[in-house]
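Try each task before reading its solution.

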Amino acid sequence: RASILFIKKMLRLADDRIRLFCKKQNLWIRNQLYIEMIYKLVHHTILHAPSLIFDRHLDSIILCSVYAVCKVAPKIYSYNFQQIVDCYTKLWPGEVTKVLYEIHISASRGCDDIVKILQ
């Protein structure tokens, strides 16, 4: 029961953060279809690939999902990961270090910089 409640809260937080991220920064992603695609990616990750969440901030998963949607729809949203990170940094400046630069990559690599990896 507690784990179900935790997952529901995590999904609700993800939904709120995605919508705020797409709305606040004059972000190009205004189309509801693409916002839902981002949410579905995050939802799938939380429910079906929990190992990807291990030692990672929820916002890291959200940023990677935004990037994936931008790659799927390049004619509409041709933004690179650095541009997405810049928008995130403006919206949540205090979160940048733990979300972007201290990412658990694997047991053998430990933590690394997600911006360098995705460029």
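Contact here means heavy atoms within 4.5 Å. Keep in mind that this is a predicted model; the mean pLDDT of the protein chain is 76, and 71% of its residues reach 70 or more.

**Exercise 1. Find which helices the buried residues of helix 1 pack against.**

Solution. Start with the list: the buried residues of helix 1 are Met10, Leu11, Ala14, Asp15, Arg17, Ile18, Phe21 and Cys22. Next, look for their partners: these residues pack against helix 2, helix 3 and helix 4 (81-91).

Now zoom in on arginine 17, which lies in helix 1 (residues 2-24). Its relative accessible area is 18%, and buried means under 20%, so arginine 17 counts as buried. Setting aside residues up to four places away in sequence, arginine 17 touches Asp59, Ile62, Tyr88, Trp92 and Glu95.

For a view from helix 2 (residues 32-48), take its tyrosine 39. Beyond its neighbours within four places in sequence, tyrosine 39 is in contact with Leu11, Asp15 and Ile18. The C-alpha atoms of tyrosine 39 and leucine 11 are 8.6 Å apart, although 28 residues separate the two along the chain.

**Exercise 2. Locate the aromatic pairs and classify each one.**

Solution. A search of the whole structure gives two aromatic pairs. In one, phenylalanine 21 and tyrosine 88 sit 6.3 Å centre to centre with 50 degrees between the planes, a tilted arrangement. This pair links distant parts of the chain, with phenylalanine 21 in helix 1 and tyrosine 88 in helix 4, 67 residues apart. Both phenylalanine 21 and tyrosine 88 are buried.

The other pair, tyrosine 67 and phenylalanine 81, is edge-to-face, at 5.4 Å centre to centre and 85 degrees between the planes. Here tyrosine 67 belongs to helix 3 and phenylalanine 81 to helix 4, 14 residues apart. As for burial, tyrosine 67 is buried at a relative accessible area of 17%, and phenylalanine 81 counts as buried at 2%.

Methods:
Residues are numbered from 1 along each chain as its sequence is written. This is a predicted model: local features need pLDDT of at least 70, side-chain atom pairs count only at pLDDT 80 or more; totals for chains, interfaces and linings use all residues. Side-chain values use heavy atoms; hydrogens and water are left out. Helices (H or I, at least four residues) and strands (E, at least two) are DSSP runs, numbered from the N terminus. Buried means under 20% relative accessible area, exposed over 50%, partly exposed in between (1.4 Å probe, protein chains only). pLDDT is the predictor's confidence in each residue, from 0 to 100. Rings of Phe, Tyr and Trp (its six-membered ring) pair if their centres lie within 6.5 Å; planes under 30 degrees apart count as stacked, over 60 as edge-to-face and the rest as tilted.
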